[in-house]
Amino acid sequence: MNKHLIITLLLLFLSVLSAEIMQIRINDQNKDIINWLKKIEATEIRSFENGIEAYMDDEYLDYLNDNNIPFSIISTESEWQRNIGDYSTYDQIVTELNDIAAANPDFIELFSLGTTLGHQYYDTGYVNYEDFQYDIWCVKLSDNPQINEDEPNTFMVGGIHSNEPTSIEVDMHILLHLVNNYGVDSLVTKLINESQIWFIPLMNPDGYRMVRDLGYMGHRKNIRDNNGNGVPDGAVYESYGIDGVDLNRNFGYTYGGNPNTWSPAYNGTNAWSEPEVVNIRDLLRSHKFWGGITYHSTRQSVLYPLGNYSSAMAYDHYIMQDLAEDMANTIPRRNSSGIQTGYYNFEQANCLVASGTMGDWGYCELRLFSFTLELCWTDIPPANLLQVLCEDNLEAALIFLDRVHHSTVTGNITDETRSPVVAEIYVQEIDFEAGMTSVEPVRSDSTFGRYYRVLLPGTYTFTFSLEGYDDIVVEDVVVNDSTQTELNITFGSLTFVEDVSISFTGNSVELSWQLEEGFDYEVYSSDLPYSEFQLDLDGILEGNSWQKTISEAREFYKVRKIPSF
Ligand SMILES: [Zn+2]
């Protein structure tokens, strides 16, 4: 019996049972096939590895067979139905989060970011939403978890798409690894002590109930009552799910383009219309986040912004690409025929062009390294493979969490009264590259005046800009691969110490001056006595003296005094 006949018989058999959704791979990238997929409203159409993957109803497989288009079935709705019982329920997740929080109050804080839309419907009298009284739970991991410390913030989000439950399990697995290894493993201990890590394992609990508990395997959105019937309508493939907004199309940057309520990617009536999205936005705006990962499935890829522009690049493109590659290399790529080395890594637009996503909003508004990690080759693998998948993804998560702790320039920016200020931070070699997409500049935060610039090792020129003040330019900022480079900036009028003694010995210079109570000092230098003096980071400052090895023709120095904190 030839393969074609086997498939045909198999399909006949399946179609007798009932129509079902299938994840299909077509080993061809012909434009006509892509157009046909769009016409039949196949979803998640993505081109990679010289092929196309998409979700479609099995009734369309006849067309592929009739036209001799080679394809394979990656997974099916009935497999997902069989496997979903092995995945955690909302209640199990919340119990687990409460248990770890109760056992580790010294480094965990558990709190609700807010209620889900279904919960809000129920609270306003819609009785059919009684079973959706959910919260979006967030775990903050850090020493002194009750205090907002001046540390880098990183997020780890799962379950934004409710029919991608591996994203929830992997997120929980990473969380539990950190919790169980605090005080045991030196990297984990450092990450928790020196950063604030925010886990939101299940961002879309309402949608997850539709999938996990009610069996609507195609439901990836929340449960926005688009048809106004007061009932949560689950997504079966044929109707595309009349209810719900795709949370990952509802963010307010590059918003729009998915106006059909029945579409799995429906973007809602307006940006920020969904409470689940607003809750995450407010968290990310309220702390100094440098980056985070949102987990999805499938495609086995590490994706970085931008996602909405097929021909544009982020200023930080090469830095994000480098990180994505480091992460991707550690995750084995598996499929039914074996294991290969490494996930793919792409600028997101090269895999799937999408608007209103968390990735683009995070990067374009907040300049976060807002990564999308597409797990696995199938949405709902069986339990034994799920465990393997969780372990496969641990190292990449640790690489990401540690990234801000090396090859990064950071500091506090204040004015002359030493109050933190929201300044703009430009890196000449990064932010003035021609042809890049215009986005918001990197800013320091209002609480600490803290900024982070994650860079590749090298030497850079920084410009700090604050309204009402002259720009401060700092040249020769050295970034190395093993540590952070600290660069604190004080805006304001420059007051210099009047009497400074300068001595040159061999190839070193030493300055000293009278110490005054209540002041800190900075050294400025210039190669001409009347040209602009710049903050000089090359010397070593100790109390009332400063010393450096002279490597260039800078021979004029001034000592700035700034009131202490
Ligand atoms: Zn997804």
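1. A residue is called buried under 20% relative accessible area, exposed over 50%, and partly exposed in between (1.4 Å probe, protein chains only). This is a predicted model, in which local features need pLDDT of at least 70 and side-chain atom pairs count only at pLDDT 80 or more, while totals for chains, interfaces and linings use all residues. Residues are numbered from 1 along each chain as its sequence is written, and side-chain values use heavy atoms, without hydrogens and water.

2. Of the 565 residues of the protein, 56% are buried.

3. Side chains of opposite charge can pair when their charged atoms come close. The structure holds 24 salt bridges (a side-chain nitrogen of Lys or Arg within 4 Å of a carboxyl oxygen of Asp or Glu).

4. D213 is partly exposed, because its relative accessible area is 34%, whereas R212 is buried at 17%. Both belong to a network of salt bridges that also includes D131 and R209.

5. D246 and R220 form a salt bridge with 2.6 Å between N and O. The two residues are 26 residues apart, and both lie in the loop between α9 (205–213) and α10 (275–286). D246 counts as buried because its relative accessibility is 0%; R220, at 5%, is buried too.

6. D536 pairs with K548, their closest N and O atoms being 2.8 Å apart. D536 is in the loop between β26 (534–535) and β27 (540–542), and K548, 12 residues away, is in strand β28 (residues 545–549). Helices (H or I, at least four residues) and strands (E, at least two) are DSSP runs, numbered from the N terminus.
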